[in-house]
Amino acid sequence: MIISESIWIRLKTILTYTGIESSLYQAALFAHQYILYMQIGPQLYGYFGTIFSLIYLATMYLNLGLDLTIAPLFNQKSDYLPFIKNILLQALLNALLGLVALCAIIIFFRSYIDLTVTQLIICGLIVIAETGRKTLKLMLHLFAFHRLIAITELICLGAYICIVWTFLMSGYSASTFLIFTPLLLTSLTALVVYFLTLSPWLKQATIEPNNDGINKVITLRAQNYLYQITHSLYSPNFLIPIIAMQHSVELASLLKIISMALYAINSIIKQIFTVFSTILFSHIRDYEYKEKQLVVQTLQKYITKIVVSVCIYSMLHYYVVSTGNHTEYLYIACLFFLIISSEHLILTYEHFFIIEERAAFLVLCNIGMWIPIIIIKNVASVSIATFLGLLIASRVIHFFILYIYGYYYWQLPIAGSKKPFYTKPVS
């Protein structure tokens, strides 16, 4: 038996709720972003977009690898109460670290940042709130609160959009305070809802000292954090500020809105398969290698079909809309989208490596791929298109190395399997 029928039913529930949530969420977000772009113009939209990218990049850095460490540890816990309390304690320490970092930025680096103290405080609190929100959301996914998460996320996004557009339609001009304060309020609301959902268990939980367990958590978090940092170098939240600084805010703005619809599709794919694979691999962690091979192979088959379909659509979209004076920008947007899409081709493998505690190998691969790019960029002056092309080439080499490593250690094939994903238990 590969996966029991009861677990498979639970996984289908995850796919259903996560799929509905991510599809509606991204559709509403794209509509909001596109109308906002048309309303306020590319210059101001590019400015807000760059701040958004930096906020979510900082959110990932502040997490310190905690989210990637939860799943490998979750399946090893016979008593969930100490596990919950320990994870929440670490999330609280992350928040305190975020407050210290925010104070340091205000005191020492304020003169280098084009934001007022009030704006910095709002953005810093958003980073802290979003970091805790993501951690609690992942924990609730592991405890099968998928419907609660879907409802909470959609209500918070709807509230944010309504608040922003109520003020804009009332005659208020778009400002950092108007765009980001509602985000802080809705993020804090979701954080409180998720915390209250877990709070009944906290009253019963005690933290038992375990030096071996603490050392393992520290080691895993360090590896996963390095992976998050190196992996983020290919993310749009990192690339858009780079493009804005090296070229222009207008290009970053146009690039963000051109790729927004396509990126929304990729976000749906990433969110669904990230949650699904994280929970799935945590369940099969103690399975035999042959069973793991079949699960990974089948999941890889489905995600490859989806990504290839999206890439074909994007190429057709490029040839249809590449007219006028923005052909160069559309070409850059196409390369940008290929970088985003390429991430999903290896998504299954990377999550499997993380659950199997091989994040250190992923870190070495990411660093090794960036070294020649940095050398080329420093030696020769390269355009944005050439820079993105180098990133795509490095990703191809990265994929090849991971496929070879997966085949060598676990005999993980690349092609999809025609065998059933699970078998019913024998009565």
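This is a predicted model: local features need pLDDT of at least 70, side-chain atom pairs count only at pLDDT 80 or more; totals for chains, interfaces and linings use all residues.
**Whole chain.** Start with everything shown as a cartoon. The chain has 16 helices and 0 strands. Of its 427 residues, 52% count as buried. Among contacts with a separation of 6 or more, 84% are between residues 24 or more positions apart.

**Helix H1.** Select residues 5–40, which form helix H1, and pick out Ile 20 within this helix.

**Helices H5 and H6.** Next select residues 117–142 for H5 and residues 146–169 for H6. The two helices pack with their axes 8 Å apart, at an angle of about 150 degrees. Angles over 145 degrees count as roughly antiparallel, and H5 and H6 are therefore roughly antiparallel to each other. The crossing of H5 past H6 is left-handed.

Show side chains where the pair meets. Which residues of H5 meet H6? On the H5 side they are Arg 133, Lys 137, Leu 140 and His 141. Their counterparts in H6 are His 146, Leu 148, Ile 149, Glu 153 and Cys 156. Sorted by class, this contact has 4 nonpolar, 2 polar and 3 charged residues.

**Helix H14.** How many of the 9 residues of H14 are buried? The count is 9 of the 9, so H14 is largely enclosed by the rest of the structure. The buried residues of H14 include the charged Glu 350, along with Thr 348 and His 351. Leu 347, Tyr 349, Phe 352, Phe 353, Ile 354 and Ile 355 are buried as well. Step just past the end of H14 to Glu 357, where phi is positive, at about 60 degrees.

**Cysteines.** Finish by selecting Cys 103 and Cys 365. Cys 103 counts as partly exposed, because its relative accessibility is 44%. Cys 365 has a relative accessible area of 6% and is therefore buried, the cut-off for buried being under 20%. A search of the whole structure for disulfides finds 0.

Definitions and conventions:
Residues are numbered from 1 along each chain as its sequence is written. Side-chain values use heavy atoms; hydrogens and water are left out. Axes are lines fitted to C-alpha atoms, for helices over the stretch in contact, and angles run from 0 to 180 degrees between N-to-C directions. Helices (H or I, at least four residues) and strands (E, at least two) are DSSP runs, numbered from the N terminus. Angles under 35 degrees count as roughly parallel, over 145 as roughly antiparallel, 65 to 115 as roughly perpendicular and the rest as oblique. A crossing is left-handed if the near helix is turned anticlockwise from the far one by less than a right angle, and right-handed if clockwise. Contact means heavy atoms within 4.5 Å. A disulfide is a pair of cysteine sulfur atoms within 2.5 Å. Buried means under 20% relative accessible area, exposed over 50%, partly exposed in between (1.4 Å probe, protein chains only).
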